[in-house]
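Biologist: I should like to learn how to read the features of a structural model. May we begin with the pairing of charged side chains?

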Amino acid sequence: MEPTTPFINRELSWLNFNRRVLEEALNPLVPLLERVKFLAITANNLDEFFMVRVGSLQFLLDEGRARPDLSGRNPHEQMEVVRRETHAFMRDQQDCYQKGLKEALTDAGIRLLNLIETPPTAAQQKHIEQVFESEIFPILSPMAVEPESFPLIKSLSLHLLVRLSPAEGEKMPRYAIIPLEPGPKRLIEIPEPSGISRVLIEDVVSLLIERFFPGQKVEECVPFRITRNADMSVEHDASDLLAEMREVLLERRASGCVRLEVSEGISATMLERLCRSLPVSEDAVYRASGPLDLRFLFGVAGLHGYDMHKNDKWKPFPSADIPQGESMFEAIARRDLVLHHPYESFDPVVSFVQEAAEDPDVLAIKMTLYRVSKQSRIMEALIRAAETGKHVTAVVELKARFDEAANIEWARKLEIAGVNTIFGVRGLKTHAKLCLVVRREADGIRRYMHIGTGNYNESTAGIYGDVSLMTCDSDIGADASQLFNAITGYSQPASYRKLEAAPIGLRQRLFDLIAVETEGAKRGEEAWIMAKMNSLADREIIEALYAASNAGVRIALNVRGICMLRPGVPGLSENIRVVSIVDRFLEHSRIFFFNHAGDQNLYIASADWMGRNLDRRVELFAPVEDEENRNRLAFILQTYFKDNVNAWEMQPNGSYVRLTPTGSKPFSSQRRLYFEAKDRWENARAARRIVFEPMRASK
Amino acid sequence: MSTRPASPNNPSDPAIPAIPANPAGLPRPSLGGAKPPEPVAVIDIGTSAVRMTVAEVSDGGHLRILDELEHPVNLGKNTFINGTIGREAVEKCVEIIESFKRAAMEYGAAQNLRAVATTAVREANNRREFLDRLFIATGVDIQVVDEGETTRLIYNSIFNTLAHKPGMATAPVMVLDVGAGMTEALLLKNLRVAGSFIHRLGSLRLRALLQRYDAPIAGEVEVLGNQAHMMLEAMHYAIPRQPHLQIAVIGGDMQFAAARLVPEWAPGTTVEIPLARVRDLAAELLPMTVEHLVRTFGMSIPDAETVGPTLEVVCRVAESYGVDTLTIAKATLLGGVLQEVAIKNEWSQAFISQIEEAGIELAKKYSADVKHGRCVASLAERIFDALLPQHKLGNRERVLLKVAGFVHEVGLFVSNRAHHKHSYYLIDNSHLFGLSREQIRVVALVSRYHRRATPKTSHEGYGSLDREGRMLVNKLAAIHRVADALDRTQAQRIRDIHCEIDGDTFWITASGVQDFSVENLALKEKGNLMQQVYGLKPVLRHSR
């Protein structure tokens with residue numbers, strides 16, 4: 001990746017991120033089952049990359065677009081380099097599994113048998129046949145492949161393509177397809193005297209394939225998997241978004257194929273049949289030397305026991321600022337709260353919504369919902385609140401990629417309960433994380449807000465690093481009402497007092513904040529920007545940062561994923577440093593620090609610095625004003641830049657180098673932040689005197 | 001952290017003034033010490049947008065703004081160009097009011113929801129159908145405010161802003177509002193209304209005119225100039241040029257100008273801008289198409305349609321008065337309505353005295369006998385208070401009666417033959433600060449009935465009133481006639497009276513005059529209406 005333009009190609013930058021995740025799977029210092037999980041994560045990430053990014057490139061090629069991207073590559077060149085990189089990456093994934101992890105797993109007592117390479121023993125064979133007859137055979141159904149037609153193949157599902165010998169009197173072979181999903185679980189357990197061995201279902205079915213075709217000869221049986229283009233969305237002016245969204249989901253089932261994964265032993269005949277029927281081009285065929293769809297390793301990583309091969313458990317601590325048993329309204333009214341998840345529990349956020357639902361003084365609850373967990377106490381609370389007559393408004397984003405179906409279902413349930421359900425904003429995705437509670441109190445109406453960098457998703461809140469701000473600041477309350485008024489169509493968007501929102505004012509606000517530092521630096525003042533985000537991919541923002549760097553602003557960026565900015569290039573970005581942290585928790589928070597002539601302004605946001613976030617989404621950018629909270633966020637930001645264990649430093653050419661504790665003590669930012677939350681909690685607990693509350697007999 | 005702009009929730013913010021004090025100490029229902037503030041909501045159906053403000057009124061009438069909503073809808077364009085509000089705009093309003101109502105419910109303010117509409121609805125030929133449709137669809141009863149009420153509401157809204165602005169509390173200040181349909185100006189001296197002016201020339205009407213002429217840009221400015229010139233002639237008559245005059249300009253277009261010209265300006269606050277800079281901005285905006293304005297400044301289409309002509313008219317007004325600096329202030333009709341809601345729709349004594357002064361000014365303008373007017377007004381007030389259990393009228397009606405006392409003889413300016421009829425049309429066509437068109441008509445009719453015939457439905461103006469309005473005129477005219485009879489000599493012989501009801505007699509006890517024969521004769525002539533309305537015969541007697 002030679003620096004030809006001031007920008008790194010977005011796709012290559014993303015692939016580079018996935019490679020950093022793969023490096024964790026290869027890292028011998030990481031516990032074995034965590035490494036296995038990292039490998040599964042790379043597979044899952046790559047699936048989404050193919051569906052969306054490769055899908056998008058494919059659309060550009062289909063439409064004949066030739067305009068180069070910021071890195072100077074046209075769509076054809078981008079596709080070429082993406083294909084090259086992804087072929088290499090998937091080979092490396094297989095190597096990681098087969099040459100490293102598989103053997104280590106066996107050593108750890110987790111045996112994954114390959115029935116094709118090593119035929120089963122008689123006892124194993126007997127058990128496999130029993131499972132096949134009782135659990136597999138009754139569920140799976142082969143589909144005949146006619147010479148002129150091909151069944152609809154489901155994206156990302158594993159299938160077996162079976163070649164049968166020609167029928168009597170015929171010359172052409174016959175084909176059948178067996179979809180393995182939905183079906184039995186991927187790993188099948190075989191009890192053995194020395195423990196449990198596991199085999200993959202595709203191996204079991206392949207071993208006993210002839211039982212599906214009695215009296216016929218199976219000549220070949222090969223697993224395959226396709227990835228369909230999922231980069232399609234509803235028309236902006238769709239009058240019925242719900243119906244249109246359902247259409248999109250149906251459309252995706254039959255969209256173009258951007259990847260075909262097959263076992264490398266597939267015959268030319270079989271491959272040709274697949275490529276012709278799907279259809280798919282040769283460069284989109286990915287041959288795997290081992291199992292397809294490595295996501296099955298999530299199941300291995302999650303096996304009960306084997307604790308010595310997992311990270312030590314970090315349970316989230318309660319917030320030090322919320323005394324046990326205290327109402328969330330009281331706690332927030334006392335002072336603004338900042339929660340750092342998952343080091344600190346997400347429960348206060350859930351309690352906030354639950355209390356709001358139960359509190360007779362609460363008049364209204366308004367909430368944005370982007371990705372919600374399947375079991376959600378928050379959603380239950382919203383439904384309960386609506387059923388008991390509160391005014392509840394939920395902005396459910398139907399266009400949240402890959403959560404569309406789940407969100408449609410939630411939207412339906414909310415509507416039935418009487419929630420005023422808004423399906424996002426036309427032409428925009430509502431990505432802001434905001435909950436507003438309007439409460440009647442003795443001195444008047446008071447608004448309580450939760451503003452987050454992460455979703456209202458109780459599952460991911462345990463593994464994603466995010467920040468919550470809970471406040472009843474009246475200006476932020478007025479702004480929150482304004483934002484909901486705009487989203488729900490009650491009112492046209494207006495200017496805000498303290499918050500800033502995309503797509504109207506956020507981009508300009510960021511330019512202004514960067515410009516203040518740039519001008520300060522020109523005057524010789526201390527000018528300083530620290531920013532943490534998932535991705536940095538906006539040309540104008542990057543150019544503003546380059547200008548700031550040239551003016552002498554010190555810029556430290558913590559960008560977990562895509563970064564199109566080239567750091568440390570003399571004359572361009574020599575004052576910019578970019579690090580990326582890949583560790584046990586997914587870095588997801590967006591925190592921003594601007595020195596602002598010593599004011600030291602701190603903000604949290606739902607938005608990354610990407611065009612889509614700043615121009616095509618409803619996003620929120622909120623100041624954190626309480627001094628203690630600001631100090632804490634500044635500490636969190638700074639902590640990441642000290643990491644020399646799980647940090648990668650971006651180089652001018654776009655590559656990354658792992659930072660190592662050469663000559664210094666190892667410092668893991670996530671470990672430090674865990675202990676920071678622990679210390680806060682323990683100090684707070686110690687500071688609170690224990691008071692016994694006697695339980696008296698009633699008179 | 002950096003300094004934050006003042007906010008509506010900050011009581012020290014000059015943009016949202018506290019309620020004017022209630023100096024007269026008029027009785028007002030007490031909210032009680034422990035009672036939480038009451039949420040209220042006010043909707044304004046304007047010419048270019050429908051707006052709602054939700055606020056809390058606390059004990060003592062203090063306002064705290066909770067939410068402000070705005071939805072552009074071009075009613076003005078419908079009315080000023082087509083004469084009627086189109087079906088699409090009607091349904092859009094239904095949709096907006098529905099959503100506003102829901103928003104008000106979310107604050108518990110739905111019970112205290114008041115909705116008003118201004119020029120675009122007032123002048124629409126299908127105004128009744130529009131109001132009925134909205135009421136049937138949303139249950140919201142919309143009150144159409146007239147020009148006079150608009151002036152009063154704007155005054156309510158801006159009073160405290162000016163009171164707290166150094167130099168403005170004492171200097172002559174013209175509050176100028178170039179709206180989409182009307183231009184309104186209010187002259188304040190020592191914060192008291194010293195003159196007012198309303199003209200049917202607004203930015204949207206001008207825009208419509210320009211489109212009709214389809215003139216090139218240079219021509220547009222000329223058309224605008226001609227229209228403004230005609231307006232300015234009348235304006236100078238109502239509000240003469242005077243030294244040290246300051247102009248405070250209000251309205252959304254001026255807020256836009258402030259944001260453009262003063263980047264550090266905090267919305268809602270008051271700012272002074274040299275006229276030359278506003279002139280430059282007007283010159284920049286006027287030639288731009290609506291689409292260009294929307295694209296460049298991200299404004300709504302209705303706003304884009306008015307901003308250029310508004311700035312042009314403001315500049316011409318300021319130039320014609322020789323003013324070189326404009327003060328841009330925030331005052332809205334909504335703000336004024338909220339102030340009224342906050343004080344439970346009571347008129348403060350300061351406000352009442354301004355209305356009364358406007359009446360006296362009108363009397364002076366037509367060379368009426370002001371002493372006689374004051375005397376009749378004072379006597380009428382006494383009689384009004386004595387009859388409170390009978391007529392059950394309130395403070396506002398008392399004010400109308402007093403104003404009628406001041407102005408009832410303005411018709412003599414035209415002729416002494418049937419001068420009561422001249423009084424009627426002169427008053428009915430006048431602008432009396434603080435009074436609505438309907439209220440002015442009541443004053444005109446009460447004045448008309450100060451002599452000769454008692455009210456009949458065949459009489460002009462009276463017949464057009466509804467039953468309630470006719471009753472009001474009857475009750476007030478009956479009192480007014482008796483009061484006028486008591487000063488028949490126009491020498492203010494009777495100034496102090498005591499009133500008492502005994503059976504079907506209304507005893508009026510006075511002192512200081514030996515011979516009441518003139519007054520008794522007049523009472524015989526004019527007391528008939530009191531007998532008809534109250535069943536009471538007025539009898540004048542000496543105090544013992």
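Modeller: A salt bridge is a side-chain nitrogen of Lys or Arg within 4 Å of a carboxyl oxygen of Asp or Glu. Side chains of opposite charge can pair when their charged atoms come close. This is a predicted model, in which local features need pLDDT of at least 70, side-chain atom pairs count only at pLDDT 80 or more, and totals for chains, interfaces and linings use all residues. Side-chain values use heavy atoms, without hydrogens and water, residues are numbered from 1 along each chain as its sequence is written, and chains are lettered from A and ligands numbered from 1 in the order in which they are written.

Biologist: How many salt bridges are counted between chain B and chain A?

Modeller: The count is one. B:Glu106 pairs with A:Lys366, with the closest N and O atoms 2.5 Å apart. Over all chains, the structure holds 85 salt bridges.

Biologist: How is the size of the contact between the chains expressed?

Modeller: The size of an interface is often given as the accessible area lost when the parts come together. Contact means heavy atoms within 4.5 Å; 26 residues from chain B and 32 residues from chain A take part.

Biologist: Which parts of chain B does the salt bridge of B:Arg279 with B:Glu319 link?

Modeller: The closest N and O atoms of B:Arg279 and B:Glu319 are 3.1 Å apart. The pair links helix α9 (residues 275-285) of chain B, which holds B:Arg279, to helix α11 of chain B, which holds B:Glu319, 40 residues apart. Helices (H or I, at least four residues) and strands (E, at least two) are DSSP runs, numbered from the N terminus.

Biologist: Why is α11(B) described as largely enclosed?

Modeller: Buried means under 20% relative accessible area, exposed over 50%, and partly exposed in between (1.4 Å probe, protein chains only). In α11(B), 16 of the 20 residues are buried, so the rest of the structure largely encloses this helix. B:Glu319, by contrast, is partly exposed at 40% relative accessibility.

Biologist: How far may the coordinates of chain A be trusted?

Modeller: Where pLDDT is low, the predicted coordinates should not be read in detail. pLDDT is the predictor's confidence in each residue, from 0 to 100. Chain A averages 91, and 95% of the residues score at least 70.
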